[in-house]
Amino acid sequence: MNRWTGVADSLEEWLDEVRRDPQIMNQVTHWHTLPARAAVTRALPSALHPKLAAALRGRGVGELYTHQHEAFEAVQGGANVVAVTPTASGKTLCYNLPVLQSLLHDDEGRALYLFPTKALAQDQVAELQELATAMEVDLKTHTYDGDTPPTVRTAIRNAGHIVVTNPDMLHAAILPHHTKWVKLFENVKYIVIDELHAYRGVFGSHVANVIRRLKRICRFYGSSPQFICASATIDNPREHAERLLGVPVTLVDNNGAPAGEKHFVFYNPPVVNKQLGIRRSSVLETRRLAGMLLRQGVQTIVFARSRVRVELLLTYLQEQVKGELGPKTIRGYRGGYLPKLRREIERGLRSGEIRGVVSTNALELGIDIGQLQACVLNGYPGTIASTWQQSGRAGRRQGSSVTFMVASSNPLDQYITEHPEFFFNRPPERALIHPDNLLILIDHIKCAAYELPFEEGDTFGGEPLRDMLEFLAEEKVLHHSAGRWYWMEQSFPAHNISLRSAAQENFIIIDLTSGSRVLGEVDRFSAPTLIHEEAIYLHEGVQYQVEKLDYPEKKAYVREVDVDYFTDANLAVELKVLHVDKSVEAGELERQYGEVTVNAKATIFKKIRLRTHENIGSGPIHLPEEELHTSGYWFAFSEAAAARKGTSEMQHALLGLANVLIHIAPLYLMCDPLDIRVVPQVKAVHTKRPTIYFYDRYPGGIGLSERLYDVHGELLRRARELIASCTCLSGCPACVGPIEEVGLLGKSHALELLAEAEASR
Amino acid sequence: MSGLRERMLRLRGGTPAPEQDPRPQTEPDVDERKTAEDGPGSSARETAAAAASMAAFDSTDHSEAAAWARLQVDEHVGEQGSFLLRRVEHALDARHGLHVLGELAPAAGALAAFHRADPEAPLPSADNLLFLDLETTGLGVGTGNVPFMVGIAYAAGERFVVEQLFIRHPAEERAMLAYLEQRMQGRSYLVTYNGKTFDWPVLAGRYIMNGFGRRREALRHLDFLHPSRSIWRNTLTSCRLSHVEEERLGIRREHDVPGSEAPAIYFRYLADGDPAPLAGVFRHNELDMLSLAALAIRFGRLLGGELQLPEPEHGEERMRTALWLEKMGASDEAERRYERLTAEMSGAGPWALPLAARDKKVGNWRRAVVLWQKIALQAEEAAAPCLDAHIELAMYYEHRVRDLKAAIRYAEAAERLALRRAGLERAGGSARAHLTAIRSRLERLQRKTNKGNGSYGGQAHRRSARAVDRP
């Protein structure tokens, strides 16, 4: 420690100091140290082309890590491969080596690379071009996306050895115009898909179908490319790859990359109101920890869960280190920044000029920003997989790194901080996709028919193809003649089909108090109850009233007010079971999985006086009803159980339980928390009993409820653990919900109900 | 099946199926939409050439065979299978609007100007042109857009032959493409309207889809959309073929079925097998072929410098025509037309400024200055005057003649006009921006005058002053 500046000589020394600081350590629920790991390497494969070997040696790569070596050998052996390795383990060589090897031997060969975003694609091209230059070969690598100038497109189609693009472009521009890409499709040897874990849920289900179409076109041109994929650590990489690609896949996961010592610190902000279970804001605690790191001169990345939080933390941190560090040395990074600015920030991080960055999960993917020393997570990122990805941004091959996870008062965060063993011992989540979701599948059958007529005996996906084709022929989209189904419609189907889920469309909140500025955003499904007209919207403790909700344009206009009430909207949810697919009855509990329809409509809102909570008025909400047909899972308590409690007690118990379950459900699902919904009903129409329903927030379902049906027992056990270990007295936002919502006895009622449920298993 | 249908309808109940967007959907870089050039037509007097072949269409027997017979359509059976073929011959003295088909042979040679940069391009003649026009099931050049009718036309001895290849269902496409391939043999040029970006790319894709492999572009293009746009972009409200032919080729179509309606008519035929409604599509396509021939005659004769038609009244169109001729290498003919235009037009219309710009570029200062002065004179009297000529003149006197006094005179006049104009405009209009530029020009001119180095200014100084004028 330099006693004049208070700056520690090394991160290790600073961490020792932190360990002696009770103010911090009292809030640390777990300090986990992952020991340093030495590199495990193999000699460059003897089969490696001499030019490629020389280029690697020229860049200081004299040996390969075991996973790179194994991936190379597996691809040479003809296998489809998915490589799973942590951040910064040199995974790009896993696919670049075999691809370059093949191109060096056969100049006519082609490869297609898919990345989920344009930025990643551009990074990749830069890296490939460097290698090509080092080898002194004329290797044409190009991105092909919306930004590609029309003048070079023809050249790329005919002469690009490696075409780097994204699934959306493949879907809407390349496949429907495959006759312009004959050279590529006739000669494609490899299809490389990086960030495989990003293709899950609705997006993944669409992409799986785009890949079915891609394989179909390749077959038409007589090629059968091998797939080489890379994925972050998930529970089921091989299964996920096989479902996404529809081919057998070899898993390569023997990571041989070295890593320095890594500290993982769980930090729970102090409780400021024990009765209400309110903790100090995670934003303020994040600011404190990140500020300390930055003042120590430690290059730090801060992850926040929303764009608004990114901006907030950025402002706080810039203020905090003002005078010590220039304002340009701490930057924000999120979707919505222009590509040029993003590139500048990435460069600054690599060179070390930028000392701190506050980001959304936009920096979670493999964009090259070099390796930082410290990472502060503002809130649990939502999945174990994301947490490791984000934390992996800090960690050098030598020397220590540290990650602080600052919990918010959200039940999931609280569960994780209080049960670190869950995080460290459990495999990360499973990536789920459901490519045979009927709506998704039929959309892609249309696109596929546009690309190439279907023939008798063809298959596409898991549903009987003939039925689908006949259906489309009846709809006058296809024409059946001479044993083939032809596209016979004027439209261009790919343009009406977006691969990305609708849940990503948010409502923007615009504050008109002085001029107009964007205050924040609200997801589409919460909008009817949170920002209906006349609603009081709270933002950082300030009250705003919604003056106008432009539903089609997804904008809410608000103005600052000072009133003594808040609003509470009533969402009438009607849920009908259409069909039961699976059913188990055990003692007092019946659980089922099947098809449901959900009708949701915001009906009225109440104005409730602050503190006294008396109802001082109400008004109607005029917004369209939403109807959804999807898959659901539900469990119902017996009539005997229902009889043991009064209706209102049962209501509070169910509501409390539902609140907990919906928050921990993402533990088992790799999904956006908004993709799965819960509805408790005291006397459900279908079961006539107290029932808790879960349903997928996407027409036709994407496999989430089905997974919950399978892990039902574990889900309930976790819920009980969480409620039991919560420090609040009788319910708080971190467990069953605030007492205003679940009543004074909500917590104990929920526990009783759970005990009954578990006893009956 | 019924189970699937039920499930589909149930699921769609939740999310209304995305509206089928009827607007053209295309890959952004390449697609010139066919139908954009091919919208609603007009009605009136039918042309003589077409009338003969179309007369048979209006009878009323209802059997399918009879219906095809009435359309003069026969089955063609080849090695690759069968499809339908309608063949119509026109005599060379048949008139189509202002032109007679027999004019094609003498006019064709001058079309060589389209490929003058290509030393291997053969001389176009009536015998090596193949006129081509597709009717397709959709828009764009995506792989799901099927040409259900391929119209071709060519000269054969004393006849002008139109052949229309038609598929009764998509499985006949292969046979149709094989036939088209035969017809292309021995021809050197495809004559189309937007065929470079639409008809040919569609066909190239269809050859690949049907297992013919990649077709090299064996034939060169004579795509008449481009010259039509060059000449008529400001004088016609649209450069659709049907509009151009009506306005400039003297052709009137009666009861025309617009190309945009053709897909729906074809889908109906696929569903009910009744050929009768297709009559309109055959007729439309045949007229397109004849109009292409008329355009070939028009452009050939223009390029040959021997068009006898009266010059159009629009100075604009005359100027665009001459500019196009110049671009196509017919400089002498272009120059004759520029001269006639400036001599015959009394004032200076909107055509004058682009012509002056052309003259400035090639260094023909004499005529440029005359034109600018004419325009400037008119501007002095206009309520919302155009400033460009004054500024051009100010630049001319400053840099070329080095007559600072004259330059200042024009700049001051420009300032006056800009003020007049600004008075008519809302805040933020372009006149105010001009005003600022004019004032800094005036300041610079005054500075030069005061330094007295205006007429003796050094090379470096002059260059920097010019840089201001040509940012």
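**A helix pair in chain A**

Modeller: H5(A) passes H6(A) in a right-handed crossing, where right-handed means that the near helix is turned clockwise from the far one by less than a right angle, and left-handed that it is turned anticlockwise. The model is predicted, so local features need pLDDT of at least 70 and side-chain atom pairs count only at pLDDT 80 or more, whereas totals for chains, interfaces and linings use all residues. Residues are numbered from 1 along each chain as its sequence is written, chains are lettered from A and ligands numbered from 1 in the order in which they are written, and side-chain values use heavy atoms, with hydrogens and water left out.

Helix H5 covers residues 92-105 of chain A and helix H6 covers residues 118-135, and the two pack at an angle of about 45° with their axes 12 Å apart. H5(A) is therefore oblique to H6(A), since angles under 35 degrees count as roughly parallel, over 145 as roughly antiparallel, 65 to 115 as roughly perpendicular and the rest as oblique. The axes are lines fitted to C-alpha atoms, for helices over the stretch in contact, and the angles run from 0 to 180 degrees between N-to-C directions. Helices are DSSP runs of H or I with at least four residues, strands are E runs of at least two, and both are numbered from the N terminus.

On the side of H5(A), the contact is made by Thr92(A), Tyr95(A), Asn96(A), Leu100(A) and Leu104(A), and on the side of H6(A) by Gln124(A), Glu127(A), Leu128(A), Leu131(A) and Met135(A), contact meaning heavy atoms within 4.5 Å. By class, this contact has 6 nonpolar, 3 polar and 1 charged residues; Ala, Val, Leu, Ile, Met, Phe, Trp, Tyr, Cys and Pro count as nonpolar, Asp, Glu, Lys and Arg as charged, and the others, Gly among them, as polar.

Over residues 72-252 the chain is 50% helix and 17% strand, and the end C-alpha atoms are 10 Å apart.

Elsewhere in chain A, Asn187(A) belongs to helix H9 (residues 182-187), and, leaving aside residues up to four places away in sequence, Asn187(A) touches Glu108(A), Gly109(A) and Arg110(A). Asn187(A) counts as buried because its relative accessibility is 16%, buried meaning under 20% relative accessible area, exposed over 50% and partly exposed in between, with a 1.4 Å probe and protein chains only.
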